[in-house]
Amino acid sequence: MTEPSIPLASIERAFEGVIPASISTCAPDGTPNVSYLSVVRRVDDERVAITNQFFSKTTRNLRNDPRFLLRVVDPVTMEQYDLRGKYLHTEASGPMFDSMRVQLDAVAAQTGMTGTFRLRGIDVLRVDRCTRVGDAPPATAPAASNEQPLAALGILVRRLAGSGDLAEATRVVCESLEDLFGFGHSMVLLADETTERLFAVAAHGYAEGHVGAEIAFGEGLIGIAAQRRQMVRVTALARSRRMASAVEGADLQELPLRGLPDAQSLIAAPMLLQGRLVGVLYLDAAEVGAFDARAAEVVEVVAGHLAVTIALLEAGGSDPARREPAPRPSKATTLKAVLHDEDGSLFVDGDYIIRGIPGRILGRMLTEHIASGRTTFTNKELRLDRSIGLPIGNDNLEARLLVLRRRLEEKACGIAVERVGRGRIELVLGGPVELLAQS
Amino acid sequence: MEGATAARLEELFADGSAVMVVTRDDDHNPHVTRGWGGVVDAENGRLDLCLTTSDDLMVVPDLEANGAIAVTVAHTATYRAMQVTGTVEWIGEITEDDRARIARHVEQFTAQVVRAGLPPTIARIAGERFVAVRIAVQQCFEQTPGPKAGSAL
């Protein structure tokens, strides 16, 4: 008796791209052909799609004789599956094409191979039959880290709904992704649509130095996710990198990764609200295959909720939670701050603190403090000061202040910035300060 | 088989590359399995290879019926790859020497893949039953990803 065909949805991991799949076809003269594939995507329970970057023997064979045999491997159990069926058609536009193209473009942008790895089309294949390979008993997969993602997601959303300000919302998201889902490294980047740049407002699980980092739209994996407003998910970056470097004439000009330097698995999920890009939620892991399709769904939902929360906080303002005053940073000697007009970079006692708009905000507060002794400032006056360079309209001032606050905390340089009420901030100094402006 | 091409093929086998093997029946339906322990005979244009038979029971009947075979050998670290097409001249039981070559190949392949971050259980894909074949090589093709993939060597 013939075994029933295995539903494709039940072997989702085999389509993660962790272990290369192969496709076998046959030429009209009877010569068989087998090629490795970079991407196989499950479309639904009857169809899969494969990428076609280089017109190949496989493509020619499928046009002549549509029958194929796909071999995919589950990277957890190492079970192999054979999928038999027929080539249906090729798509060179549309949502599925865009979704698959963005993955390749993101890796190409990260490895400096834009233009070489251009997706020409995706071949859509109908699967008539899926069978498990081999005669050994099926292997069992280890239990997933979170078997009830909806329940965990509910907890995360409830925690997020209780956040009083941007600092708390981003912290809650990053910490909850770790304690509820085991995703230990994450970053929240907000978008400045005027300058088409992202800037990191929160980083969790990394060494210091990530908050304040800026990325242009279209730059690397995260920048592509922002530019295309589509999720980018990579399951084995080293494999993608090796494949890119194998292409003849390849000259990889790889960009440094923004999170873990040796990340293998990455997700960059755009935070979208009514067509507006609020930012990008980024996660990475050093392990291969750390983020499966289910993880991607979770991250997409979290990114959406964070976008809404940030928008609500922006619209309604917020009262900072009552808390004990932050300990005053103490420095026995005079703090020597230097502000570079050209890029807004600010140094304290020779240490780089921050650049851009947050640097100019701090420079402005220090200038006022030195001139008048003031320590309390309002959001309104910062918005009206055109020398700071805040864009008109959606200026992300709260986010810029959060970046500044977190960088000052990280650097422990004797200067701190605290929210002290709605639209009010206080400059806290550990000692006397001098400011030198350099053009 | 041209000397440089044979040398490249030998190098790929020596490094524990991944080897996919495809045959077809008389109706041109493809059947696929994996290959291990390849030995290149450049002078006579032959490739000796052991095939996993626990993967696809149709591979051996295909070869007995028409002998058509294609073998893609891909380096798991560099993705440099080539394909050999030809006809199987002989099929037989594996010897102790074959078994030793299979074991060595599986070990090297596993080590390469583990370095890329996958678990050593990848060795499971080798299967447990094998057959030895001798292939009369007809053509070799570039199979490295890129615009030249599919061109004859």
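## Basis of the description

Two strands count as paired if DSSP finds at least two bridges between them. Helices (H or I, at least four residues) and strands (E, at least two) are DSSP runs numbered from the N terminus. This is a predicted model, in which local features need pLDDT of at least 70 and side-chain atom pairs count only at pLDDT 80 or more, while totals for chains, interfaces and linings use all residues. Residues are numbered from 1 along each chain as its sequence is written.

In chain A, strand 1 (residues 21–26) runs antiparallel to strand 2 and is joined to strand 2 by six bridges. Within strand 2 of chain A, Asn33(A) is the bridge partner of Thr25(A).

Both strands belong to an open sheet of seven strands with antiparallel pairing and the order 2-1-5-6-7-4-3 in chain A. Strand 2 (32–37) and strand 3 of chain A are its edge strands, each pairing on one side only.

## The second largest pocket

A pocket is an open set of points on a 1 Å grid over the protein atoms alone, where a 1.4 Å probe fits, with protein on both sides within 12 Å along at least five of seven lines; lining residues have an atom within 4 Å of a point. The second largest pocket has a volume of about 1000 Å³, volume being the space filled by probe spheres set on the points, which are joined across faces, edges and corners. Of its 40 lining residues, Phe15(A), Arg41(A), Ser99(A), Gln103(A) and Arg233(A) are the closest to the centre.

Helix 7 of chain A supplies the largest share of this lining, six residues.

Notes: Chains are lettered from A and ligands numbered from 1 in the order in which they are written. Side-chain values use heavy atoms; hydrogens and water are left out.
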